[in-house]
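Please keep the sequence and the model at hand while reading.

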Amino acid sequence: MPIERVNLYSEPDPIRGYSIPFIGDIKISQGRNGRYSHFAYRVGPKLVDDRFAVDFELPIGTEILSTKSGIVQWVEDHHDGSFESTCINDYYNLENKPSPNFVIIDHDPGVRTIYSHFRKNGVTVHSGNYVEEGQLIGYTGKSGWIGPIPHLHVETVKINIGTDRLSVPMIFDRKPLHE
Ligand SMILES: [Zn+2]
C-alpha cells in the first residue's frame, strides 16, 4: 500500500527538558522534517505524523538511556528482520514488513515518547516500570525499516482518536545522565 504525504500546518508547542539518550558523539542521520520519513503521511485511513522525530546514528549495541523519568507503556523486542532503503514506500510495498523493536514511555502528561530500532531481545525495561532519567532502557539494533542507516529514532507524539498521532517538537537541552 503506497503512502500519501500530507501537509499539516499546526505545530504543537515544543517540550523541553530531554537529555541526550546515549553517551558519545552526536550524529543526526535524519532531523526534523527529514527527507526519508520525518513527515506526515496517510497509510490507508491512518494518519502517521513523524515531522519532529530525530534519528541519531549510532553503532549497533549502543546503550540507550531514558531521556526523562516516566512510566513505560509498551515494549516490543522480539522482532528479527530489518529493511534498508531510502524510500519509505519500498517498505510499505513489502508483503512481509519487518517490525521494529521499540519502547514507549510517558515522560510528560498527554504525550508519549517512542524509541525505536532496538536489537532483538535488546530492551531492558518492561511495561509498567518507572524509569529514571538516564536509566538504561536497551541496546540499539537495526530492526524494522531503518532508512539508509542504522539509528535510534526518538519521537514524542500526541495520540488522537483512533490510531492517528501528532508529532511534538522535542528540545534536547540536557546532557546525557548515566544511571
Ligand atoms: Zn526516524
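## An enclosed strand

In this predicted model, strand β14 (residues 136–140) is largely enclosed by the rest of the structure, because 4 of its 5 residues are buried; a residue is called buried if 20 or more other C-beta atoms lie within 10 Å of its own, exposed if 12 or fewer do, and partly exposed in between, with the C-beta atoms placed from the backbone. Strands here are DSSP runs of E with at least two residues, numbered from the N terminus.

Residues are numbered from 1 along each chain as its sequence is written. Because the model is predicted, local features need pLDDT of at least 70 and side-chain atom pairs count only at pLDDT 80 or more, whereas totals for chains, interfaces and linings use all residues.

## Partners of β14

Strand β7 (residues 63–65) pairs with β14 in the antiparallel sense over 3 bridges, where two strands are said to pair if DSSP finds at least two bridges between them. Strand β12 (residues 118–123) also runs antiparallel to β14 and is joined to it by 2 bridges. Gly138 of β14 is the bridge partner of Ile64, and Gly138 is likewise the bridge partner of Val123.

Once its neighbours within four places in sequence are left aside, Ile137 is in contact with residues including Ile64, Val103, Tyr115 and Val123, contact being defined by C-beta atoms, placed from the backbone, that lie within 7 Å.

## Thr156 in β16

Thr156 lies in strand β16 (residues 151–159) and counts as buried, because it has 27 C-beta neighbours inside 10 Å. Apart from neighbours within four places in sequence, Thr156 is in contact with Ile15, Val111, Thr113, Val168 and Met170. Thr156 and Gly44 are separated by 112 residues in sequence and, C-alpha to C-alpha, by 23 Å in space.

## A three-stranded sheet

An open sheet of 3 strands has the order β1-β4-β5 with antiparallel pairing, and its edge strands, β1 (4–6) and β5 (46–49), each pair on one side only. Antiparallel strands β1 and β4 (residues 40–43) are joined by 3 bridges, and Val6 stands opposite Ala40 in β4.

Note on methods. Two residues are in contact if their C-beta atoms, placed from the backbone, lie within 7 Å.
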